[in-house]
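Good morning, colleagues. Please look at the structure on the screen while I describe some of its aromatic side chains.

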Amino acid sequence: MSKKLIVAVVVVWALVLAGGVGIGVVLLTSGDDSDEPAADSSTPPPAQTQGADGRTIEDFYQQKLSWSACGADECTTLQVPIDYQKPGDGSIEIALERAKATGERIGSLVINPGGPGAPGTSTVRDAQYYFAPELRAAYDIVGFDPRGTGKSAPVDCLSDSALDAYIAADPDPDTPEELKQATENSADFWAGCKARSGTLGAHVSTVEAARDMDVLRAALGEDKLDYLGFSYGTRLGATYAELYPENTGRLVLDGAIDPSLSSRDGALSQAAGFETALRSYVGSCVADGDCFLGDSVDAGLKTIKGLLDDIDAKPLETKDAEGRKLTVGLAFYGLITPLYAKDNWSFLDDGLKAALKGDGSTLLQLSDFYGSREGGRYTDNSLEAISVINCLDDPWSITPDQVPGQFADFEKASPTFGKVFAWGLTACDGDPFTATDEPDLKIDGSGAAPLVVLGTTRDPATPYKEAVAMAEQLESAVLVTREGDGHTAYNKGNSCIDDAVHAYLIDGKVPRDGLTC
């Protein structure tokens, strides 16, 4: 499969699923791949942490970065406190990567690709796919792996073999045996997080990552933070604007989420978003004529639902070198992955056509892309980090016995995916970590400079109404709308969107509020 698909699915928001699983797509190093807990399981990875040294916040702000070549870019690390409430109690290293401006430089643009859990260093490495030439000419593009992800003291919860079983499990357990397995999976996940990640697990919240961004701003020598955040990166950017309005420069929040939504309402919103995206995909197939799924949208959705039910009853054979079968859990991820970008719908065509003939190979490949699995291992820790970060930000959860009571609302929002998202409400059940840094932060960005919120009308992962809500809640925000399919708006072939973003970031011209492209 092409690089184009990888790029399209990298930028995502949290998708919280059954058994405590939270999935986000990102790109880099996983934690320990052995089947035993790390040797020192009570602290973050020692190579990336330093013990108590009595440093103050000012000491961190005054550090100088020492960049060195890494491929075509430059890399370094940033020291930040493990605990901002106790800055002298130890530090961690935040991995940074910078693609220097190719033209007349105006400053540094810090980026976040989403997740939560996506390492921004990988996004910088592939800057030519994510950012238009105009932006790369004007700015040093600076990516960082948020704390707990990528190479920035990554949290770890399961070995790769255990993660395989965890992801393959039924996300809608409908038998006593499946429910027992899901409950055990969740318990094992959180026990593994505690054993492998130790005290770090309580210090990877969005608020702490936003504080890291202000230390980064100072270390880059910038008076104001210019920032482009996608998906979950919009929550991170909005949090920054709330904490540091006086340091907020030009912020673009693309694929925005509603920061006021509860976990339950966020899950309902996302369930509806994926249903909308799936209906749009099937509708396109029907409109083209002779659709292999059926002669109407409802018929096509029935075909897909029937396929998932068949796979639930009997996993499909694949051509996978490791002999893995396509379970219904893996089929779910394979199904939603191409919905993130309309250009990738052809991959979904291929996957569904093959699966309807009994071959699950393509859907398995798509699922592996979603989970950053390659060559028999996970190339980053995104599947673990997303749950830990989400549950620090909002630890609300329900127990498995309470899930059936949610089915009616969730199936109304999404007849195809509703029960899966309902089971996702158990994600934080058993979480051993508690956030210590402003877990109930209310976000309105009062005092921040004008910023730009982007929303796409048929975005599956961050539905458009959430962009509207974020723009309403942030006092200085303007809303720019992309009419179309897929997740996020910038650099997706819409010149109206791109021109507005470039005029704002490069020239400081704030778009008209309500601009629709």
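**Aromatic rings and their neighbours**

I begin with a charge over a ring: the charged end of Lys353 sits over the ring of Phe292, 5.2 Å from the ring centre. Here a charge sits over a ring if NZ of Lys or CZ of Arg is within 6 Å of the ring centre and within 35 degrees of the ring normal. Likewise, Lys419 lies over the face of Phe407, at 5.0 Å from the ring centre.

This is a predicted model, in which local features need pLDDT of at least 70 and side-chain atom pairs count only at pLDDT 80 or more, while totals for chains, interfaces and linings use all residues. Residues are numbered from 1 along each chain as its sequence is written, and side-chain values use heavy atoms, leaving out hydrogens and water.

Searching the whole structure gives 13 aromatic pairs (rings of Phe, Tyr and Trp, the last by its six-membered ring, with centres within 6.5 Å; planes under 30 degrees apart are stacked, over 60 edge-to-face, the rest tilted). Phe189 and Trp190 are edge-to-face because their planes stand at 85 degrees, with ring centres 5.1 Å apart. Both residues, Phe189 and Trp190, are buried (under 20% relative accessible area, 1.4 Å probe, protein chains only).

Tyr340 and Tyr370 make a tilted pair, 6.1 Å centre to centre with 40 degrees between the planes. Tyr340 and Tyr370 are both buried. They also belong to one aromatic cluster with Phe274, Phe332, Tyr333, Phe417 and Phe421.

Finally, the chain as a whole: of its 517 residues, 60% count as buried.

Terms used. Buried means under 20% relative accessible area, exposed over 50%, partly exposed in between (1.4 Å probe, protein chains only).
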